[in-house]
Structures are given as structure tokens and as C-alpha cells.
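Subject: Structure handover

Hi,

Here's the structure I said I'd pass on.

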Amino acid sequence: MIGTRIGEDHVNYVLMYNMLTGIRVGVSRCNAKMHRELVDSDFKAAHKFSFDITGNELTPSAKYDFKFKDYAPWVFRRLREFFHIDAADYLVSLTSKYILSELGSPGKSGSFFYFSRDYRFIIKTIHHTEHKFLRKILKEYYEHIRNNPDTLLSRL
């Protein structure tokens, strides 16, 4: 086993639970829609969800009250398709039983890495400057992946 298993007594359990709940809802909502071509606004899209214990018409009930922002869901849906990652397998790997392993970064960024139960996927926390940079280059990254299916760039 890599890292520390996150249980309900772990200091980052609520963060992990909130991330996985947001991912589950965001991916499920996007994949429930008909396939369509991407437009420029898809690369800048940000959808906000509010979760609470009662739920509503847009979000299911959750253990904790939190807000989640889903960035460029259509772009990442298409990237998963390019990488031959089935959405259902992805969600089962990440959100089945809400169990992840955490590994702190030895680097100066202080980022944390969260591994899915089967170690197929990694979630990395990033700082705001990294977030802004990744959103800035997302369209170029997407185009590179589309035009170079055997690229050695990391799969985001």
C-alpha cells in the first residue's frame, strides 16, 4: 500500500469526501448528456455546485455542507475518451466506498497526492497559481493530446 489510508478519523477525510462527491456528481452529470463537439467556451467553463445534508434538484444530499467547482467538464470528458477511460470505471475506481490513500509531497509545494483504491488514478492538490496556469494552457494541452495520441505528456 502506498501512503496513508484515509478513514473517518483522518485529518483530511472531509476534504477527500468533498472532492470525491463533487467529482462523482460532476462526471455523472456531464456523461448523462448527449455527446457534442467542443466549443471555445467549454475550455473556460466552471460549474458551481452547493452540497448540503438535505440535497436539492441539482445535487444529492451529502454528509457535509460544501461548495464544489467543476472546471471544463466537457473538455475532461473528451480527454478521458481520448485516454480510453470509461466514465463508470473511473467513478468506481475513485468513489467506491470513498477510500483513498494519501501521500504528502516531499517537495516545497506541500501538495498532497490521493491514490484511488486500485491505484489507477491520482488526485493532486495544487496551489492557485498552478490552477490558473493549467486553465490557461488547457486548450493547447487538449489539442496536443488530440493530435498526438501517443504523447508522453501526463494525462490530466
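Below is what turned up, starting with the core and ending with the rings.

Keep in mind that this is a predicted model. Its largest nonpolar core has 36 residues, and Leu 20, Ile 23, Val 75, Tyr 90 and Ile 123 have the most contacts inside it. Helices H1, H2, H3 and H4 each supply at least two residues of this core, as do strands E2 and E3. H1 gives the most, with nine residues. As for Val 75, its contacts beyond four places in sequence are Leu 38, Asp 42, Phe 43, Leu 138 and Tyr 142.

H3 (87-95) is worth a look on screen. Its buried residues are Ala 87, Tyr 90, Leu 91, Ser 93, Leu 94 and Thr 95. Viewed down the helix axis they fall within an arc of 165 degrees, so they line one face of H3. That set packs against H1, H2 and strand E6. Just after the helix, Lys 97 has a positive phi of about 65 degrees.

Now the rings: there are nine aromatic pairs in the whole structure. Phe 43 and Tyr 142 are edge-to-face, because their centres are 5.5 Å apart and their planes sit at 70 degrees. This pair links the loop between H1 and E2 to helix H4, 99 residues apart. Phe 49 and Phe 51 make a tilted pair, 6.5 Å centre to centre with 55 degrees between planes, and both are buried. Finally, the charged end of Arg 36 sits over the Trp 74 ring, 4.2 Å from its centre.

Cheers

Notes. Residues numbered from 1 in each chain as written. Predicted model: local features only at pLDDT ≥ 70, side-chain atom pairs only at ≥ 80, totals over all residues. Heavy atoms only, no water. Core = buried A, V, L, I, M, F, W, Y, C linked by side-chain atoms within 4.5 Å. Buried < 20%, exposed > 50% of the residue type's maximum accessible area, 1.4 Å probe, protein only. Helix = DSSP H or I, 4+ residues; strand = E, 2+ residues; numbered from the N terminus. Contact = heavy atoms within 4.5 Å. Arc of directions from axis to C-beta. Phe/Tyr/Trp six-rings, centres within 6.5 Å; stacked < 30°, edge-to-face > 60°. Lys NZ or Arg CZ within 6 Å of the ring centre and 35° of its normal.
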